[in-house]
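This briefing covers the fold, the packing and the surface of one protein chain. Please read it alongside the structure shown here.

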Amino acid sequence: MRSMIEPLSFPGLASGGWAALPFQPFRQGVEICPLCDGFPSVALLRYAPGASVPRHRHTGLETILVLEGAQSDEHGDYGTGALIVNPEGSIHSVWSTPGCVVLIQWERPVEFVGEDP
């Protein structure tokens, strides 16, 4: 007999439903709400105004959807509704001047480069 694996569902996530979910510390100024552990991983990240993540290399595909606010990297600024796809091997740092909430999927962990993670 086959076991059925149930999908995870997060109704209203894109329209602010994330606000009721539990977040925990991730980095200074950044909180995380894991939605699907393991690899690939899916989570919400909430950046306080001015928070950042140091320069890092993607060892697998990373996909980000900005749910609120704006996230930036060396390639530009991405506001609410923006979809960012960082391919394997890409390197960047990330920050949010106004603060933001993003839905993020990592295919594999990132590797920090040049700075203390």
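The secondary structure of the protein chain consists of 10 strands and zero helices. The model is predicted. Along the sequence, the order of elements reads β-β-β-β-β-β-β-β-β-β.

**Overall dimensions**

- Taken along the principal axes, a box of roughly 50 × 30 × 25 Å holds the C-alpha atoms of the protein chain.
- Of the contacts in the protein chain with a separation of 6 or more, 62% are between residues 24 or more positions apart.

**Nonpolar cores**

- In soluble globular proteins, nonpolar side chains tend to be buried together.
- In this protein chain, 37% of the 117 residues are buried.
- The largest nonpolar core contains 17 residues. Those with the most contacts inside this core are Val30, Leu45, Tyr47, Val66, Val102, Ile104 and Trp106.
- Two or more residues of this core come from each of strand E2 (30-36), strand E3 (41-47), strand E4 (51-58), strand E5 (62-73) and strand E9 (100-106).
- Strand E9 gives the most to this core, with four residues.
- Another core, of eight residues, lies apart from the largest one, and its members include Trp18, Cys33, Leu67 and Val101.

**Surroundings of Val102**

- Val102 is one of the residues with the most contacts inside the largest nonpolar core.
- Leaving out residues up to four places away in sequence, Val102 touches Ala43, Leu44, Leu45, Tyr47, Ile64, Leu65, Val66, Leu67 and Gln71.
- Among these neighbours, Leu45, Tyr47 and Val66 are also listed with the most contacts inside the largest core.
- Leu67, also touched by Val102, belongs to the core of eight residues.

**Surface and charge**

- The protein chain exposes about 6,900 Å², and 57% of this area is supplied by carbon and sulfur atoms.
- The protein chain carries 13 negative and 6 positive side chains. The centres of these two sets are 5 Å apart.

**Ala20**

- Ala20 is located in the segment before strand E1 (24-27).
- Is Ala20 buried or exposed? Ala20 counts as exposed because its relative accessibility is 74%, and the cut-off for exposed is over 50%.
- Ala20 and Gly81 are 61 residues apart along the chain, and their C-alpha atoms are separated by 20 Å.

Key
Residues are numbered from 1 along each chain as its sequence is written. This is a predicted model: local features need pLDDT of at least 70, side-chain atom pairs count only at pLDDT 80 or more; totals for chains, interfaces and linings use all residues. Side-chain values use heavy atoms; hydrogens and water are left out. Buried means under 20% relative accessible area, exposed over 50%, partly exposed in between (1.4 Å probe, protein chains only). Contact means heavy atoms within 4.5 Å. Accessible areas come from the Shrake-Rupley method with a 1.4 Å probe; for residues, only the protein chains shown count as cover. Lys and Arg count as positive and Asp and Glu as negative; His and the chain ends are not counted. The place of a charge is taken as NZ of Lys, CZ of Arg, CG of Asp or CD of Glu. A nonpolar core is a set of buried Ala, Val, Leu, Ile, Met, Phe, Trp, Tyr and Cys residues joined through side-chain atoms within 4.5 Å.
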